[in-house]
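I opened this entry to record what I looked up on pockets and on the sheet.

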Amino acid sequence: ALAALRKAVELDAFDQRARHSLTLVEMLADWKRYEGKHFVVRCKPGIDEALAAWMPQALDAVRADVTAWLGHVPGRPTVIELHPDHKSFAVRITGMPWIHTIAASTGPLIALEAPREGAPALHLGTFDWQEVLRHEYVHTVTLEQTRNRIPHWFTEALATHLETRPRSWEAVQLLAQAYESDGLFDLDSINLAFVRPKKKNDRPQAYAQGAWMVEFIEKEWGREAILKLLDRYREGTDESKAFADVLAIDRAEFMGRFHAHAEKDLRAWGMLAEPTLAKVVEDIRAETGAKDGAVEISDERLDALLAKHPAHPDFLELWLRRKLKGDATPDAATVERLQAYAAARPADPWPHRVLAKAALAAGDTAGAAAHLEVLDRNADNDANFALELARIERGRKNLPRALEHVTKAARIKAYDPA
């Protein structure tokens with residue numbers, strides 16, 4: 001590679017991609033190597049070595065989990081390149097010093113930038129590197145498993161589905177909006193959404209919807225069907241025939257059944273509650289004769305709606321937002337409705353934040369811990385919840401659990417000595 005790049009730059013000294021790549025390859029020659037049983041981690045000499053030395057052993061558990069689920073073990077160790085900054089990582093992947101992401105898998109090699117805070121031109125911030133590498137390692141496995149013949153959406157969907165973090169509140173809202181606007185991707189447009197997104201939310205929707213579709217396949221046909229699809233792709237079977245062979249339905253019927261599944265899920269997630277706020281506003285307009293402009297739902301009407309629909313997530317949230325304006329401490333009735341809202345809309349972290357803060361203020365660490373656990377499961381770039389849980393568990397003398405939490409915090413803030 002070095003010889004080829006030197007020749008390329010010699011032939012065209014103005015080719016920025018070749019020159020950037022040559023500079024990087026010359027740097028890589030001096031990088032340190034940390035070798036484990038299944039992973040080789042390379043990094044620039046210096047501060048990154050503290051993290052690089054930690055990675056091989058920590059990733060063995062990830063490997064065991066992913067390969068067991070997918071039923072395939074890569075035939076050689078995976079190389080992890082820990083790049084010191086975003087520009088270095090971007091050149092490694094694209095040849096140019098900008099890219100939208102923080103990590104990428106090319107199969108047997110995974111590159112990621114250091115999870116550090118700093119100048120925006122150099123660092124995109126902290127993140128849980130183990131969770132990121134888990135996602136990328138799924139690509140490593142599925143690309144080899146299918147001889148690189150897996151559809152783009154399917155490898156991304158599996159990588160997202162096998163993350164340990166639950167579906168985020170942002171993803172739930174995005175999926176609900178797509179469903180209600182008839183904007184869910186079909187099996188052709190979802191592939192294009194990854195590589196040629198038309199709208200700013202196309203790519204995040206494609207990740208979230210792809211994982212949702214894989215979840216649907218696993219629920220309806222079992223994990224064995226997913227593994228059979230991977231076998232078909234390895235053989236070179238196109239997606240239409242693979243779906244017909246394995247799922248016994250065509251792609252159009254699959255999407256029809258998925259839409260029905262999506263509606264059922266969204267209702268369970270508290271995203272399609274009835275009556276809708278739009279219907280309430282429509283009723284108010286009909287009663288008052290109001291035309292354009294904002295329409296206020298009075299406190300009295302809201303109380304009446306909640307009396308009739310006590311578990312309605314939209315009405316509960318509206319009532320709670322009004323009640324908790326500023327920094328108000330929730331009273332017993334408000335706590336009860338916060339708990340009801342959390343149950344009605346489980347993906348929203350907001351009620352858990354309020355309840356955790358109130359419990360800590362009251363000295364109820366046991367009560368706070370349950371809500372902090374929910375917040376921490378959803379956090380991949382915020383170490384504060386894990387640190388607080390570590391303090392609570394240490395206070396309870398539960399050191400193994402405290403160690404689990406502080407280890408996650410250390411992954412997110414890997415460059416913070418404390």
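**Pockets and sheet**

I looked up the second largest pocket and found that helix H21 (399-412) gives the largest share of its lining, six residues. Helices (H or I, at least four residues) and strands (E, at least two) are DSSP runs, numbered from the N terminus. The model is predicted, with local features needing pLDDT of at least 70 and side-chain atom pairs pLDDT 80 or more, while totals for chains, interfaces and linings use all residues. Residues are numbered from 1 along each chain, and side-chain values use heavy atoms, without hydrogens and water.

I noted a volume of about 480 Å³ for the second largest pocket (the space filled by probe spheres set on grid points joined across faces, edges and corners). A pocket is an open set of points on a 1 Å grid over the protein atoms alone, where a 1.4 Å probe fits, with protein on both sides within 12 Å along at least five of seven lines; lining residues have an atom within 4 Å of a point. Of its 22 lining residues, those closest to the centre include Lys-408 and Arg-411. The lining divides into five nonpolar, four polar and 13 charged residues (Asp, Glu, Lys and Arg count as charged; Ala, Val, Leu, Ile, Met, Phe, Trp, Tyr, Cys and Pro as nonpolar; the others as polar).

I then read the largest pocket, with a volume of about 1700 Å³. Its lining holds 19 nonpolar, 16 polar and twelve charged residues.

Lastly, I traced the open, mixed sheet of five strands, ordered E1-E2-E3-E5-E4 (strands pair if DSSP finds at least two bridges between them). E4 and E5 run antiparallel, joined by three bridges, and Ser-105 has Ile-110 as its bridge partner.
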